[in-house]
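Please look over the model below.

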Amino acid sequence: MLDITNGNITYGLLRDINKTKLLVLDPSEISDSNGTLIELDQNGTQISSNAGSWGKLTVDSYPTLILNPTNSSYRQETVFVLDGSNIKFAQYQAAGEIYSHVLLNKDAKNELYHSLSPNPKIEAQLNNGYTYLSLPSSNLLCDEDVQLIYTNCDKNNTLESVFGVNSNISLVLKYGRDWLYWNNDANANPAYTISKYSTLNPLDGVLVKSSAQTSVLLPFDEDSLIVNDYRNLFLEGWILVSNNEVQTVAQVSSALQAQGKSLVYILLLRDDVWHIYAPTNDSAVDSAIPRLNTINRYESYWVYFN
């Protein structure tokens, strides 16, 4: 169950079990006490003008909407209880059982969610060796020394509290024009030829070195959907980046073009297999290497541009 805006249809709807089709109310019938359901595909194209029926009732002073789809791929006898313009409650039948849900708008959901889990985390698995990670957050993850200096630092988490508490983790690397590292040592290691950083951006790709298979709890913001716009790039070269939203390789290419850059390669390690996108010289790439079409949410990947 979700909301959709399709032309002038902006009413509650029901999605089928396969999540490819939608039921909506005909806006011309909204003032009536009953009507027919319209079926759309996921692109908003109408499939059927008579996909079932709906009716209105009043239950405990709340207006209630009952949907009866004709197609069995939809939840049957679905009931929505309305509170103003919001859906307060929903109920449907499946295999003779009645399932109920309390539905909230985004702001109400966030208020409840953060009251129960004010500092949510998501667990990421680390290999014995190197693992690519992405920071599923909307804030900078900062070293304790600078956490109070920068206003957009995560106030609940630091690099120390996320990575420093795991003794297996020796390095947390990122790459822009050069390699940079972070570790839990108070001072930079003079033996390293690369510099130590103090902030990690959710759009930075991350490479973590661990001495054993282990896990790490990362700060998690479900609603963070930020993506790279590739501003302030150097002339050409490789960068290691990440996204908090699914993107196609074509969208990455367009974002680079908007900054006057051309995409040459995208490389991504997924399930221990390298994938590639090479828009300008695909024929020169080994055919055994899987081609990349989509970058998933919370994946780190390499981009070469010029």
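Is Cys-153 buried or exposed? Cys-153 is buried, with a relative accessible area of 3%; buried means under 20% relative accessible area, exposed over 50%, and partly exposed in between (1.4 Å probe, protein chains only).

This is a predicted model, in which local features need pLDDT of at least 70 and side-chain atom pairs count only at pLDDT 80 or more, while totals for chains, interfaces and linings use all residues. Residues are numbered from 1 along each chain as its sequence is written, and side-chain values use heavy atoms, with hydrogens and water left out.

1. Disulfide. The count comes to 1 disulfide, where a disulfide is a pair of cysteine sulfur atoms within 2.5 Å. Cys-142 is joined to Cys-153, with an S to S distance of 2.0 Å. The link of Cys-142 and Cys-153 is left-handed, with -90 degrees about the S-S bond. Cys-142 belongs to strand S12 (residues 140-142) and Cys-153 to strand S13 (residues 153-158), and the two cysteines are 11 residues apart. Strands (E, at least two residues) and helices (H or I, at least four) are DSSP runs, numbered from the N terminus. Cys-142 is also buried, at 0% relative accessibility.

2. Aromatic pairs. The structure holds 11 aromatic pairs. Rings of Phe, Tyr and Trp (its six-membered ring) pair if their centres lie within 6.5 Å; planes under 30 degrees apart count as stacked, over 60 as edge-to-face and the rest as tilted. One of the pairs is Tyr-181 with Tyr-192, which is edge-to-face at 4.7 Å centre to centre and 85 degrees between the planes. Tyr-181 lies in strand S15 (residues 179-182) and Tyr-192 in the loop between S15 and strand S16 (195-196), so this pair ties together parts 11 residues apart in sequence. Tyr-181 is buried, with a relative accessible area of 0%, whereas Tyr-192 is partly exposed at 32%.

3. Trp-238 and Tyr-304 form a tilted pair, 5.2 Å centre to centre and with 55 degrees between the planes. Trp-238 is in strand S20 (residues 237-242) and Tyr-304 in strand S25 (residues 300-305), so parts 66 residues apart in sequence are tied together. Trp-238 is partly exposed, with a relative accessible area of 30%. Both residues belong to one aromatic cluster, formed by Tyr-175, Trp-179, Trp-238, Tyr-265, Trp-302 and Tyr-304.

4. Charge over a ring. Lys-174 lies over the face of Tyr-197, at 4.5 Å from the ring centre. The rule asks for NZ of Lys or CZ of Arg within 6 Å of the ring centre and within 35 degrees of the ring normal.

5. Positive phi. Asn-232, although not a glycine, has a positive phi of about 55 degrees. Asn-232 sits in the loop between strand S19 (214-219) and S20 and is exposed, with a relative accessible area of 80%. Tyr-298 likewise has a positive phi, near 70 degrees. Tyr-298 is found in the loop between strand S24 (294-295) and S25 and is partly exposed at 24% relative accessibility.

6. Ser-33. Ser-33 is placed in the loop between strand S2 (21-25) and strand S3 (34-41) and is partly exposed at 47% relative accessibility. Leaving aside neighbours within four places in sequence, Ser-33 is in contact with Trp-54, Gly-55 and Lys-56, contact meaning heavy atoms within 4.5 Å.
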